[in-house]
Amino acid sequence: MDFLTDLVAPSALIACLCVGLVAGVIKGMVGFAMPMIMISGMGSFVSPELALAGLILPTLTTNGWQALRQGGRAAWATVVRFRSFLIVGFVALVISAQLVRVLPAQLMLLMIGVPIVLFAVTQLMGKALTLGDNPPRWIELAIAGFAGLIGGFSGVWGPPTVAYLTALNVPKVDHVRAQGVIYGLGAAALFGAHVGSGVINARTLPFSALLVIPALIGMWIGFKVQDRIDQSAFRKATLLVLLIAGGNLVRRGVMG
């Protein structure tokens, strides 16, 4: 573990592992929120850039599990249905990933935190947007581009994606699987983009790999809870967690 203690203090490492476990539980229950919880929680103990590096492999592995829970055929059908969203989001993600080395840390925290707070508040107030079954194509492309831009520099692209799927009235099982497919492919693109940006390197990759363990354990627990307990109540609880996490990011971005 010496190679990790050179990068992060032992106490901060333990805290990050706990954050990964909590993020996995919540993702298993509601299908999203792992990157937001990890970037916010770990950002209290390590730098925003290291927190971003740390969440990439846990996000990739847990979304793969989530996407394939109903089998490969169902996952492929989701890819086909949301192909335009995936393509536009991928392009925007790769472009914005290069902003990590350019944007000041406080600005990056605000750009992540403000959308999270807005999303959580509007959802808790019952202000969800309804688009119907066949929304205009430009809406899909605009939301995909926005999600990709946020995801590239922060690793967080859940809020606009969840809002879009919710507005389409996608059924629960399909909703969760679609999140897994979209986030999983996005996480793969994010990994490649940040190998190029330098965020993922020989020093940060072991840190991210270690966080996979608590994330998978947490997700297994979350799946068990999702299968047995009312989903709506847990979604509201998760939105409260996101509101707190986003508020913490905004606070750090404003106060420095």
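Helix H2 covers residues 10–30, and its 21 residues reach 31 Å from the first C-alpha to the last, close to the 30 Å expected at 1.5 Å a residue. That expected span is 1.5 Å times one less than the number of residues in the helix. This is a predicted model, where local features need pLDDT of at least 70, side-chain atom pairs count only at pLDDT 80 or more, and totals for chains, interfaces and linings use all residues. Residues are numbered from 1 along each chain as its sequence is written, and side-chain values use heavy atoms, with hydrogens and water left out.

Just after H2 comes Gly31, with a positive phi of about 95°.

| Helix | Residues | Number of residues | Reach | Expected |
|---|---|---|---|---|
| H2 | 10–30 | 21 residues | 31 Å | 30 Å |
| H11 | 205–228 | 24 residues | 35 Å | 34 Å |

Which residues of H11 are buried? Among them are Phe207, Leu211, Pro214, Gly218, Met219 and Phe223. Here, buried means under 20% relative accessible area, exposed means over 50%, and partly exposed lies in between, using a 1.4 Å probe and protein chains only.

Now take a look at Arg177, which is found in helix H10 (residues 172–197). Is Arg177 buried or exposed? Arg177 counts as buried because its relative accessibility is 10%. Leaving out residues up to four places away in sequence, Arg177 touches Gln66, Ala67, Gln70, Ala74, Ala75 and Thr78. A contact means heavy atoms within 4.5 Å. Ser84 is 93 residues from Arg177 along the chain, and their C-alpha atoms are separated by 17 Å.

Let's step back to the whole chain. It has twelve helices and zero strands. Helices (H or I, at least four residues) and strands (E, at least two) are DSSP runs, numbered from the N terminus. The C-alpha atoms fill a box of roughly 50 × 40 × 35 Å along the principal axes.

Buried residues make up 53% of the 256 residues. Of the contacts with a separation of 6 or more, 85% come from residues 24 or more positions apart. Finally, the chain has 17 positive and 8 negative side chains, and the centres of the two sets lie 5 Å apart. Lys and Arg count as positive and Asp and Glu as negative, while His and the chain ends are not counted. Each charge is placed at NZ of Lys, CZ of Arg, CG of Asp or CD of Glu.
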